[in-house]
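Open the model in a viewer and follow the stops below in order. Each stop says what to select and what is found there.

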Amino acid sequence: MPELPEVTALAAFLTEHATGQRIVAVTVASLNVMSTYDPPATALVGRVVTGTGRHGKFLDLVTGPGPDTPAGAPAELHLLVHLARAGWLRWSDNISAAPPRMGGPIALRIRLATGGFDITEAGTKKSVAAAIVVDPKSVPGVARLGPDALSLDRPKLAEILGRQSGRIKNTITDQTVIAGIGNAYSDEILHTAKLSPFATAAKLSPDELDRLFDAMSSVLDSAVSKSVGAEAARLKGEKRTGLRVHARTGLPCPVCGDVVAEVSFADRSFQYCPTCQTGGRLLADRRRSRLVK
Ligand SMILES: [Zn+2]
């Protein structure tokens, strides 16, 4: 799932390549991708891209009126996209003028005066969502977001976590608490901070908070520069390199050499290093408990 670093990189790419361009065509090629219908997707045609933004894991394409936009049209219209688990934004310098096939891997195509992009979604479960709105906060998922992970300083992080009685892994991935961090980067952050994913958020010591704050900044900053450098929007999907524990079950921890362990749930799993993070203990896991019984 694209998280803060990838969405930041996609937005940066669009800022550079799409700003100032007129939207020539918008094709909706998935029945369920649009979560708003008024204004319709065609309201974007003829408007000009004025910039981009990011709200947590939502990508925001900001448009203003073009030369032929009717008087009275909104000064700003936002195309908000949530890429969910398997969504991506793929830029093409020579985007096809033919509309994409309904129900295929392309959910939405935006053609600009020069080039354009597709919102794609791999797999059969379709969860990518797009909305066209005057105010981003009218999208419930955006309205609910907590402060952005990159906007936090150490005192603010302490204040936020002090109110949370859940496990730290769940807390820092809860978008209403902190926006932008998902399963992959939380694994990396907790490993870098040498914290157990099951530690109670409100009970972190000042030293643990220091480590968590430093790890959040360093892991996210480095991932943002890698994704921006890789020209994310020219890739087929998210491509992460140099991960320490996430998605590396059974492989050696790059810090201590211990075997990376995982905790699995019905539809997802996360990874950690027992030696670096949990004093050598394996965390309770439903698959493991079932084997023991
Ligand atoms: Zn380790």
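Select residues 48-55 and 58-64 in this predicted model. These are strands β2 and β3, which run antiparallel and are joined by seven bridges. Show the side chains of Arg54 and Leu59: Arg54 stands opposite Leu59, a residue of β3. Then go to the turn of this hairpin, where two residues lie between the strands. Gly56 has a positive phi there, near 55 degrees.

Next, select β1, β6, β7 and β5. Taken in that order, the four strands form an open sheet with antiparallel pairing. The edges are β1 (23-28) and β5 (87-92), each of which pairs on one side only. Looking across the sheet, the twist from one strand to the next averages 15 degrees.

Within this sheet, pick out β6 (residues 106-112) and β7 (residues 116-121). Five bridges join the two strands, which run antiparallel. Arg111 is placed opposite Gly116 of β7.

Move on to a pair of helices, α3 (residues 154-162) and α6 (residues 206-229). Two packed helices are described by the angle between their axes and the distance between the axes. For α3 and α6 the angle is about 115 degrees and the axes are 10 Å apart. The crossing of α3 past α6 is right-handed. To see the contact, show Arg154, Leu157, Ala158 and Leu161 on α3, and Pro206, Leu209, Asp210, Leu212, Phe213 and Met216 on α6. By class, eight residues of this contact are nonpolar, two are charged and none is polar.

The last stop is the zinc ion. Which residues coordinate the zinc ion? Select Cys253, Cys256, Cys273 and Cys276: each coordinates through SG, at 2.2 to 2.4 Å. Along the sequence the donor residues follow the spacing C-x2-C-x16-C-x2-C. Cys253 sits in the loop between α6 and β9 (261-264), while Cys276 belongs to helix α7 (residues 274-277), so this pair ties together parts 23 residues apart in sequence.

Why is the arrangement around the zinc ion tetrahedral? The four donor atoms subtend angles of 96 to 114 degrees, and four donors count as tetrahedral if all angles lie between 85 and 135 degrees. The ideal angle for four tetrahedral donors is 109.5 degrees.

How values were computed:
Residues are numbered from 1 along each chain as its sequence is written. This is a predicted model: local features need pLDDT of at least 70, side-chain atom pairs count only at pLDDT 80 or more; totals for chains, interfaces and linings use all residues. Side-chain values use heavy atoms; hydrogens and water are left out. Axes are lines fitted to C-alpha atoms, for helices over the stretch in contact, and angles run from 0 to 180 degrees between N-to-C directions. A crossing is left-handed if the near helix is turned anticlockwise from the far one by less than a right angle, and right-handed if clockwise. Contact means heavy atoms within 4.5 Å. Ala, Val, Leu, Ile, Met, Phe, Trp, Tyr, Cys and Pro count as nonpolar, Asp, Glu, Lys and Arg as charged, and the others, Gly among them, as polar. Two strands pair if DSSP finds at least two bridges between them. Donors are N, O and S atoms within 2.8 Å of the metal (3.2 Å for Na, K and Ca); water is not among the atoms, so sites may look incomplete. Four donors count as tetrahedral if all angles lie between 85 and 135 degrees; four count as square planar and six as octahedral if opposite donors are over 155 degrees apart and all others between 65 and 115; anything else is irregular.
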